[in-house]
Amino acid sequence: MSGLEVTTGWYLTLGAMLFLIGGTGLLVRRNPLIMLMCVELMLNGVNLSFIAFADRFGDVHGHTVVLFVLVVAAAEVVVGLGLVVAVLRASPRATADDLSALKG
Amino acid sequence: MVEVVVFAVAGAACLVGAVGVVLSRNPVHAALMLVMTLFGIAVLFVALQAHFIAAVQVIVYAGAIVVLFLFVIMLLGVDRAAELSLGALPAQRWTAAAFGFGGAAVLVWLVAAVDRIFKGAHSYELERAGIVVTEADAPATSYATDVSAIARSLFSDYVYAFELTSLLLIVAVIGTVILARRSYGADGRRAGQHGGESAPAESGATPQEARQ
C-alpha cells in the first residue's frame, strides 16, 4: 500500500471540473460552434462521473446510461450544427448574441 | 502507483484540453483541444474498467462528432480568429464568474462529503437507498463490464429507452436534413444563387437581414 491511491473522489472531482469549465465556456464564448463544444465538455464530465460510480458500486447500469448520453449527445450535435449552418449561411459573422434578432 | 500516473497524465490532458476549448480563438484549435479531452476521458474509462465505453467514446466522439464539427467549420469558413472579449452582455459575464467560482466552492465541499460517505461514516443513507457500501479501501468490485453485460441491461431494463433513442435519431436526422438544405424556389432555381454565400433563403428573409 503506497499511500497514494486513485479513489472515486478523484474521478468525480475531474468530472466536476470538466463540467464547470464547459459551463463557464458556454456562458463566456459567443461563437455558436465553440458553445456546442462546451456542451460536449459538460456531457463528458457527467459521463466520467457515471463511469466512476459504476466502477465504485459494481453496477453496469452506469455504462448503459453513458451509452444513452452518447446517443443523445450525437443527436444534439447534429441538430445544433444544422442550426448553426442555417444561421451562419444567412449571416456569416453572426454570434450567439445576434440570434436575439430572431425574436423579430 | 501506475494508476496514479495514468490518472495524472490523462486528467491533465483532459483539463488542458477543456481550458483550450474555452480559450482558443480559432474554432479549429478548439475542436482539436476537444479531441485531446475526449482521448483523456477514454483513457480514464479504460482505467475504470469500462473498455467498451472507452471504445465507443473514441469512435463516436473523436471519430464522428469532432469530425462533424470540423466539417462544419470547413463548410462555413469560420476558421478565423474569433473575438474573445465581447462586452455585449456584462450580466452574463457575472453569471459565468459566479458559476465558475461558486461551482468550484461547491466542488470542494462535495468532494469532502463524498470522501466522507465513502469512508462509511454516513453510509446508512446509501444503504437505505439500497446501495451496499463496501469497505472504503476495497478494490473495485469485480463486476461484468463486457459487452454482453451492457447488452443485457440495455435490452432488458432499458429496452424502451433504447427504442426511443432510435426515434430520436430518426427525428434528428430528418430535422437536420430539412434545416441544412438550401431551399429551392418554385422554379427549381436555388434561392440565393445570385447573392453568393450570404444570401438568405427566401423563407429566411429574417429580421437579421433587415437589420443589416
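Me: I have this two-chain model open. How many residues of chain B are in contact with chain A, and how many residues of chain A do they meet?

Reply: Happy to walk you through it. In general, the size of an interface is often given as the accessible area lost when the parts come together. Here we can count residues instead: 82 residues of chain B are in contact with 69 residues of chain A. Keep in mind that this is a predicted model.

Me: Which elements of chain B give two or more residues to that side?

Reply: They are α1 (2-23), α2 (27-47), α3 (51-76), α4 (90-118), α6 (147-156), α7 (159-180) and α8 (207-211) of chain B. The largest share comes from α4(B), with 13 residues.

Me: And what classes of residue make up the side of chain B that touches chain A?

Reply: That side has 59 nonpolar, 18 polar and 5 charged residues.

Me: What does chain B look like by itself, in helices and strands?

Reply: Chain B has 8 helices and 0 strands, so reading from the N terminus gives α-α-α-α-α-α-α-α. Of its 212 residues, 18% are buried. For contacts in chain B with a separation of 6 or more, 39% are between residues 24 or more positions apart.

Me: Let's turn to helix packing. How do I describe two packed helices?

Reply: The general idea is to give the angle between their axes and the distance between the axes. Take α1(A) and α1(B): their axes come within 9 Å and cross at roughly 10 degrees. Angles under 35 degrees count as roughly parallel, and α1(A) and α1(B) are therefore roughly parallel to each other.

Me: Which residues meet there?

Reply: From α1(A) come Trp10(A), Leu14(A), Met17(A), Leu18(A), Ile21(A), Gly22(A), Thr24(A), Gly25(A) and Val28(A). Facing them in α1(B) are Phe7(B), Gly11(B), Cys14(B), Leu15(B), Ala18(B), Val19(B), Val21(B) and Val22(B). By class, this contact has 13 nonpolar, 4 polar and no charged residues.

Me: Are α2(A) and α1(B) roughly parallel or roughly antiparallel?

Reply: Their axes come within 9 Å and cross at roughly 155 degrees, and the two helices are therefore roughly antiparallel to each other. The crossing of α2(A) and α1(B) is left-handed. Ile34(A), Met37(A), Cys38(A) and Leu41(A) of α2(A) make the contact with Ala18(B), Val21(B) and Val22(B) of α1(B). By class, the residues of this contact are 7 nonpolar, no polar and no charged.

Me: Which residues touch the most other members of the largest nonpolar core?

Reply: This core has 62 residues, and the ones touching the most other members are Leu18(A), Met37(A), Ile51(A), Val21(B) and Phe45(B). Two or more residues each come from α1 (8-28), α2 (32-57) and α3 (61-90) of chain A, together with α1, α2 and α3 of chain B. The largest share, 14 residues, comes from α2(A).

Me: What does Leu18(A) touch?

Reply: Leaving out residues up to four places away in sequence, Leu18(A) touches Leu41(A), Asn44(A), Gly45(A), Leu48(A), Cys14(B) and Ala18(B).

Terms used. Residues are numbered from 1 along each chain as its sequence is written. Chains are lettered from A and ligands numbered from 1 in the order in which they are written. This is a predicted model: local features need pLDDT of at least 70, side-chain atom pairs count only at pLDDT 80 or more; totals for chains, interfaces and linings use all residues. Two residues are in contact if their C-beta atoms, placed from the backbone, lie within 7 Å. Helices (H or I, at least four residues) and strands (E, at least two) are DSSP runs, numbered from the N terminus. Ala, Val, Leu, Ile, Met, Phe, Trp, Tyr, Cys and Pro count as nonpolar, Asp, Glu, Lys and Arg as charged, and the others, Gly among them, as polar. A residue is buried if 20 or more other C-beta atoms lie within 10 Å of its own, exposed if 12 or fewer, and partly exposed in between; C-beta atoms are placed from the backbone. A nonpolar core is a set of buried Ala, Val, Leu, Ile, Met, Phe, Trp, Tyr and Cys residues joined through C-beta atoms within 7 Å. Axes are lines fitted to C-alpha atoms, for helices over the stretch in contact, and angles run from 0 to 180 degrees between N-to-C directions. Angles under 35 degrees count as roughly parallel, over 145 as roughly antiparallel, 65 to 115 as roughly perpendicular and the rest as oblique. A crossing is left-handed if the near helix is turned anticlockwise from the far one by less than a right angle, and right-handed if clockwise.
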